Amino acid sequence: MKICEIRDKFDTLFPTTLSESWDNDGEMLVIDGEREVKGVLCTLDVTDEAVDVAIETGSNLIISHHPMIFSPIKKLDNTALSKKIEKLIKNDISVLSYHTRFDSAKGGMNDLLAKKIGLVNPKEFGLEGEIPMGRIGDFTECTPEEFASKISNLLDTNVILYKGKTTVKKVAILGGGGKDFIHTAHLLGADAMVTGDISYSVVTEEMPYGITMVDAGHWATEIIAPDAFADILEKEFHIKPVRYYGENPGTIITK
């Protein structure tokens, strides 16, 4: 099996037409797509630790959710990214990343997340002029506090609750940093939204509308990506990839 065969399958499942114009995903580092795959590591981020595990396990292909290269690189120097690229090249490791196209795709990140938290009849939603990325659906009626507790348990993480004014019956969800989608979710009738990276300015802007906001963190809402990619590889290519989760870089410290 060649690297290009895996790339082509993922491009079919998550076509480039679903990538946002501002995004950079797909091939991050592929010197030769005709090279045989010796092993694959699936991860959320291409961290130094993920690269080390790929080397240790003999994996010469990494598939990540977050793009290893997001902005144009003008030079390779002594930066952390440059050194990481050098290590990857020296160890003949290719990198593919599937970001917003995986977020938006049917069966992708947000469909899986909607299923994980138990949304009923989830529908796509998004910002005007962009590809629908979020999901919105029905939820078992509960108080904002009960809802936050359920999300904490279902995603196995600490959450921050910004309490709304009504009981929760309709819920929107978007993995990663989806704060820009909260107002759209409210306009569509959502009583609550789950995402990560909710800023204080967004909280103060949206609180008057009464929507409950649950910040479950960027990492916790997207760490399902390694399993999703690995499941595809097992089903389509009958190989056993390495599933690397790493650790949540954010730690809550209590007094």
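Helices and strands here are DSSP runs, numbered from the N terminus. By that count, the protein has ten helices and eleven strands. The model is predicted.

## Overall form

The protein has 255 residues and a radius of gyration of 19 Å. A compact globule with that number of residues would come near 18 Å, so the value agrees with a compact globule. Along the principal axes, the C-alpha atoms fill a box of roughly 55 × 40 × 30 Å.

Of the 255 residues, 47% count as buried. The accessible surface is about 12,600 Å². Carbon and sulfur atoms hold 51% of that surface. Among contacts with a separation of 6 or more, 64% join residues 24 or more positions apart.

The charged side chains number 27 positive and 40 negative. The centres of the two sets lie 1 Å apart.

## Strand pairings

| Strands | Sense | Bridges |
|---|---|---|
| Strand 2 (residues 40-43) and strand 3 | parallel | four bridges |
| Strand 6 (residues 134-142) and strand 8 | antiparallel | five bridges |
| Strand 8 and strand 9 (residues 192-196) | parallel | four bridges |
| Strand 7 (residues 160-162) and strand 10 | antiparallel | three bridges |
| Strand 9 and strand 10 | parallel | four bridges |

Strand 3 covers residues 61-64. Leu-61 and Ile-63 point one way from strand 3, while Ile-62 and Ser-64 point the other way. All four residues of strand 3 are buried.

Cys-42 sits in strand 2. Is Cys-42 buried or exposed? Its relative accessible area is 0%, and buried means under 20%, so Cys-42 is buried.

Which residues touch Cys-42, beyond its neighbours within four places in sequence? Ile-63 is one of them. Lys-179 gives a reference point elsewhere in the model. Cys-42 and Lys-179 are 137 residues apart in sequence, and their C-alpha atoms are 27 Å apart in space.

Strand 8 covers residues 168-177. Seven of its ten residues are buried, so strand 8 is largely enclosed by the rest of the structure. Strand 8 pairs with strand 6 in the antiparallel sense, and there Asp-138 stands opposite Lys-170. Strand 8 also pairs with strand 9, in the parallel sense. In that pairing, Gly-177 has Gly-196 as its bridge partner.

Strand 9 in turn pairs with strand 10, where Met-193 stands opposite Met-213. Met-213 is also the bridge partner of Tyr-162. Strand 7 pairs with strand 10 in the antiparallel sense.

Strand 10 covers residues 212-215. Thr-212 and Val-214 point one way, and Met-213 and Asp-215 the other. All four are buried.

## Leu-113 in helix 5

Helix 5 covers residues 109-117 and includes Leu-113. The relative accessibility of Leu-113 is 0%, so Leu-113 counts as buried. What does Leu-113 touch, not counting residues up to four places away in sequence? The contacts are Leu-155, Ile-173, Leu-174, Gly-175, Thr-221 and Ile-224. Leu-113 and Leu-155 are 42 residues apart along the chain. Their C-alpha atoms are separated by 9.2 Å.

## Two residues with positive phi

Most residues other than glycine have a negative phi. Asn-121 has a positive phi, near 50 degrees. Asn-121 lies in strand 5 (residues 120-125). Its relative accessible area is 51%, so Asn-121 is exposed.

His-238 also has a positive phi, of about 55 degrees, although it is not a glycine. Where is His-238 placed? His-238 lies in the loop between helix 10 (225-237) and strand 11 (242-244). At 70% relative accessibility, His-238 counts as exposed.

Methods
Residues are numbered from 1 along each chain as its sequence is written. This is a predicted model: local features need pLDDT of at least 70, side-chain atom pairs count only at pLDDT 80 or more; totals for chains, interfaces and linings use all residues. Side-chain values use heavy atoms; hydrogens and water are left out. The radius of gyration is taken over C-alpha atoms; the globule rule is 2.2 Å times the number of residues to the power 0.38. Buried means under 20% relative accessible area, exposed over 50%, partly exposed in between (1.4 Å probe, protein chains only). Contact means heavy atoms within 4.5 Å. Accessible areas come from the Shrake-Rupley method with a 1.4 Å probe; for residues, only the protein chains shown count as cover. Lys and Arg count as positive and Asp and Glu as negative; His and the chain ends are not counted. The place of a charge is taken as NZ of Lys, CZ of Arg, CG of Asp or CD of Glu. Two strands pair if DSSP finds at least two bridges between them.
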